[in-house]
Amino acid sequence: MGQGRITRASSAQAEDLNPYHIAQQQFDNAIRYLPGIDEGLREFLRRTNRLLEFAFPVEMDDGKVRTFVGFRALHSRVRGPGKGGIRFHPDVSRDEVRALAFWMTWKCAVADVPFGGAKGGVVCEPKELSERELRRITRRYIAELGDNIGPYTDIPAPDVNTSSKTMAWIYDTYEMMHAGKNNLPVVTGKPVELGGSLGRREATARGALFSTQRALNRGVVPGLGSVAGTEIVIQGFGNAGAIAAELFQEAGGRVIAVSDTSGAVYAREGIDAPSIARYKERTGSVKGFEGTATIGDDELLELDCDILIPAALENQIRSDNAGAIRAKLVVEAANGPTTPAADAILFGRGIPVIPDILANSGGVTVSYFEWVQNIENEQWNLEDVNRKLLKKMDAATDAVIQTQQSINESVASGSGGESTSEPLNLVDLRTAAYVLALGRVVRIAGERGIWP
């Protein structure tokens, strides 16, 4: 036991877990399968178009003034306005928002919605702040951004530790600064009563379910053709994770373990998702839920199951634990939960990963639907939203799987890729998704031309 922990620690220490470095590595790996792209365009697509960093004062409830640091990264507007969430978390950093904006560009391209990538956040611990303090932080953050966001330039959304209520404050702040216009499209994930879309709250988890069902139907996991009858483990019982638990359970799966920041719980016979969600709302934690045993966070990731859903933060599956993963399929509801080294290990072991830029693209897809509804002053019914989401997720999943099959057939025959001294290898679903996304962005860049 002790030796295992030492080995894991030293392995993790050797791996570069900087999210921006990981994003760049994923890009560099995928671009090799797209020969003939101009070197200057490659460099442009690797870079962050704009990064804002600023400090601002906020008066706290006790009357003291505290300084907060905020960020907003815009990676690309080749396909349309920047699109990406705002998170409130102690670990928000320059490289994190740059990586998340980078991933958002490719996510929007995989989902085939007309946005580019952006992301933002404030360095803070929301659990230690009152609602009034969070409202002041949000308003001042948006005021500092000023015209760097807008309905046709950069459109925020919820992310870690932000919600529809936070988006309402964002809209109201922007509206006060731009009176007399239709400002509803400036932010998505708003309350339904304030122009939000029906189905947006569940969209990330529902999209993950749709993508998983399609991938299983397409034979991504031999012998596993549907979510029905599967055993499911969910790391991160927040908004996406809790809703995923309910939706995958409704689809016939059995949730056997979940975790949150307080710890993890396990029950082989199954955990009722709505019941544990109510328990957490009442107690603030999943620990102690009746009929479950408390287990360690590492133990949760390594449980024998059919589907593992990381729905927490980045770098959860790494080189030090990927060899112990026993799931048949990993579905990334979180952004960046699996490192490149872990990807290679899982691919070598025959464990497919439905990557974040596909699996959790349901959120930005329904955000796009909300944006369209706001521009047209309409509200679609829930059935229409979910029908349109299913169509988008099926098309995106099919395109990624087909891209993987085409690349691997080409590599196997020795006819694919660039002329390079480094041989091209068979690709996993993540690399295929990147190749698909990069191809779509490069084609639009070519059609638009370089200005002036």
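Tutor: Strand 6 and strand 7 run parallel and are joined by 5 bridges. Strands pair if DSSP finds at least two bridges between them; strands (E, at least two residues) and helices (H or I, at least four) are DSSP runs, numbered from the N terminus. This is a predicted model: local features need pLDDT of at least 70, side-chain atom pairs count only at pLDDT 80 or more, and totals for chains, interfaces and linings use all residues. Residues are numbered from 1 along each chain as its sequence is written, and side-chain values use heavy atoms, with hydrogens and water left out.

Student: Which residue is the bridge partner of Ile232 in strand 7?

Tutor: Strand 6 covers residues 231–235, and strand 7 covers residues 254–260. In strand 7, the partner of Ile232 is Val255.

Student: How many residues of strand 6 are buried?

Tutor: Buried means under 20% relative accessible area, exposed over 50%, and partly exposed in between (1.4 Å probe, protein chains only). In a regular strand, side chains alternate between the two faces of the sheet. Here Glu231, Val233 and Gln235 are buried on one side, and Ile232 and Ile234 on the other. The number buried in strand 6 is 5 of 5.

Student: What is the order of the strands in the open sheet?

Tutor: The sheet has 7 strands with mixed pairing. Its edge strands, each pairing on one side only, are strand 9 and strand 12. The order is 9-8-7-6-10-11-12.

Technical notes. Contact = heavy atoms within 4.5 Å. Axes fitted to C-alpha atoms, helices over the stretch in contact; angles between N-to-C directions.
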